[in-house]
Amino acid sequence: MTNKSLGCEFFFIERNMNPTDFFSKHFYLQKNMGRYEEDEVIVMTFPSIKFNYKDQIYKLSYNERKLSDNVFSISITLPYENNKENHAIILDKVMGFINEKRNHNFSLILTRNDSLNYFSNRLYKQLYDFETNLRSLVKFMLIPDNKEEWHKEVTSQVNVTTKMSNKEKIENIIEELSITDLEALLFEKKFPKDSNLFEEELAKEQIEKLTKQEIINVINLNKPVSFWDTYFSRYIEYDLMNAMKTIKASRNNVAHYREFDSEQYKETLSILNDVNPLIKRTIKRLRNFGGDISVHMSREMQNKVIDLMRNLVEQTTDVANVVKTLKLNVIKDYLNAVSQFRNMNIFDEE
C-alpha cells in the first residue's frame, strides 16, 4: 500500500453554507471514521470524498477542522502509487470543481497546493532552458558577424535603461533584458536600417514617375520587419511570437508563485517540448557552420535583392532582362556561399 500522496489545504470562510453541507451536496462525503468486518477482515474507514474524473472514481482523504465561528481549515489528499503527473492533474480538477460549485457560499483561501507545486517544478527546467537558449541564440547569430559591436544591434531594438559600461554591454547586454524586453527585441516590427522610403523612393518628384504597382513594390521592400523575421525565421519554422505569449504567462506565474491550472500547464509544456529542441538544433547549426559566414551572407544577399528590385522598378523598359539579372545574381551569390562552406570542410547539410 502506497504512502505517497498529493494534497491541498485551504481556509473555508462560511457565508451561506458550511463545509459538511457543501461536500455532501457535491461529493460523496464519508465524514466519520468507522470500523467493520469484511470477509473476516477488519476494515477501517476514514473521512473521505469521492470524485469522478473520466469515468473513474478517485477517493480522497478529507479533514475538516473548525478554527473559529464560520472559519474552517480543510485538507484534501489524493494517494497514488505511480504516475504522479496524472494525479496532480486530478487533484487540480478536484479543486477546479470546488471553485466552480462554491458560487458565493464561502470564501476559499489556499495555503497549500501540491498540484501547483508539481506543475511549477516540471515547467521550471523547461522554462529555464527556453530562456537561456533563446538568449544564446541571439548571441550566436550576432556576435560572429558584429564582434564587439554586437550589442548595438540589441540596443537599436530595445531601450536598456540600466547604466552599463561598454565592456558590460559587450559581455552582458542580453542578460540585462527582461522577458518582456526579449520579446520586444525579437518580435516588434521596425523599419529597416537606412530606410528612406519617403525621403527618396516615394518623394513627391519621384512618385509621379512610378506606376501603382511600382509604388507597391517600393513599399513592400521597405515594410517594417522584426528581428525574428530578419535573423531567425529561416532557421526556425515555428510561430514563436504567439507561443511566447503562453510561455511568458507561465514563466511569470512560476516566478511569482501565482495560481494556474492543469490546462495551462499542459499547453505550456507541449509548446516548450516543441520549441526547445528547435532552438538547440539551430544553435548547433550556427556553431558548426560558422555564424560569421551565414549572417554575413544573408545580409549581402538581402541588400543585393533590394538593390536589384529597385533597379527593376526604375528600368521598366527592359523588365525581362532585369528579372534574368536578378535570378543570375542570386544564384551566383548562393554558389559563392556554398563554395566558402566547402573550402572550410564543413559542408554537411542536415
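Strand β7 is mostly covered, with eight of its 10 residues buried; buried denotes under 20% relative accessible area, exposed over 50%, and partly exposed the range in between (1.4 Å probe, protein chains only). Helices (H or I, at least four residues) and strands (E, at least two) are DSSP runs, numbered from the N terminus. The model is predicted: local features need pLDDT of at least 70 and side-chain atom pairs count only at pLDDT 80 or more, whereas totals for chains, interfaces and linings use all residues. Residues are numbered from 1 along each chain as its sequence is written, and side-chain values use heavy atoms, with hydrogens and water left out.

**Strand β7 and its partners**

- Strand β1 (residues 4-14) pairs with β7 (residues 71-80) in the antiparallel sense over 10 bridges; two strands count as paired if DSSP finds at least two bridges between them.
- Within β7, Phe 72 stands opposite Phe 12.
- Strand β6 (residues 56-68) also pairs with β7 in the antiparallel sense, over seven bridges.
- Ser 73 in β7 is the bridge partner of Arg 65.
- Two residues lie between the strands in the hairpin of β6 and β7, where Asn 70 takes a positive phi near 70 degrees.

**The sheet and the helix across it**

- Six strands form an open sheet with antiparallel pairing, in the order β2-β5-β6-β7-β1-β8.
- The edges are β2 (28-30) and β8 (106-113); each has a single partner strand, so one side of each is left without a neighbour in the sheet.
- From one strand to the next, the twist averages 30 degrees.
- Helix α3 (residues 114-146) lies across β1 and β8 and runs at about 50 degrees to β8. Axes are lines fitted to C-alpha atoms, for helices over the stretch in contact, and angles run from 0 to 180 degrees between N-to-C directions.

**A nonpolar surface patch**

- Phe 11, Ile 13, Leu 67 and Ile 109 make a nonpolar surface patch of about 310 Å². Patches consist of residues with over 30% relative accessible area and no salt bridge, with like charges joined within 9 Å and nonpolar side chains (Val, Leu, Ile, Met, Phe, Trp, Tyr) within 5 Å.
- A salt bridge is a side-chain nitrogen of Lys or Arg within 4 Å of a carboxyl oxygen of Asp or Glu.
- Ile 13 is placed in strand β1 and counts as partly exposed because its relative accessibility is 30%.

- His 87 lies in helix α2 (residues 84-102) and counts as buried because its relative accessibility is 13%.
- Not counting residues up to four places away in sequence, His 87 touches Leu 6, Tyr 58, Leu 78, Pro 79, Tyr 80 and Asn 82; contact means heavy atoms within 4.5 Å.
- Tyr 58 is 29 residues from His 87 along the chain, and their C-alpha atoms are separated by 9.6 Å.
- Glu 183 is found in helix α6 (residues 179-187) and is buried, with a relative accessible area of 17%.
- With residues up to four places away in sequence not counted, Glu 183 touches Glu 188, Met 244, Lys 245 and Lys 248.

**The chain as a whole**

- The chain contains 14 helices and 10 strands.
- Of its 350 residues, 39% are buried.
- Among contacts in the chain with a separation of 6 or more, 67% are between residues 24 or more positions apart.
- The accessible surface of the chain is about 21,100 Å², and 48% of this belongs to carbon and sulfur atoms. Accessible areas come from the Shrake-Rupley method with a 1.4 Å probe; for residues, only the protein chains shown count as cover.
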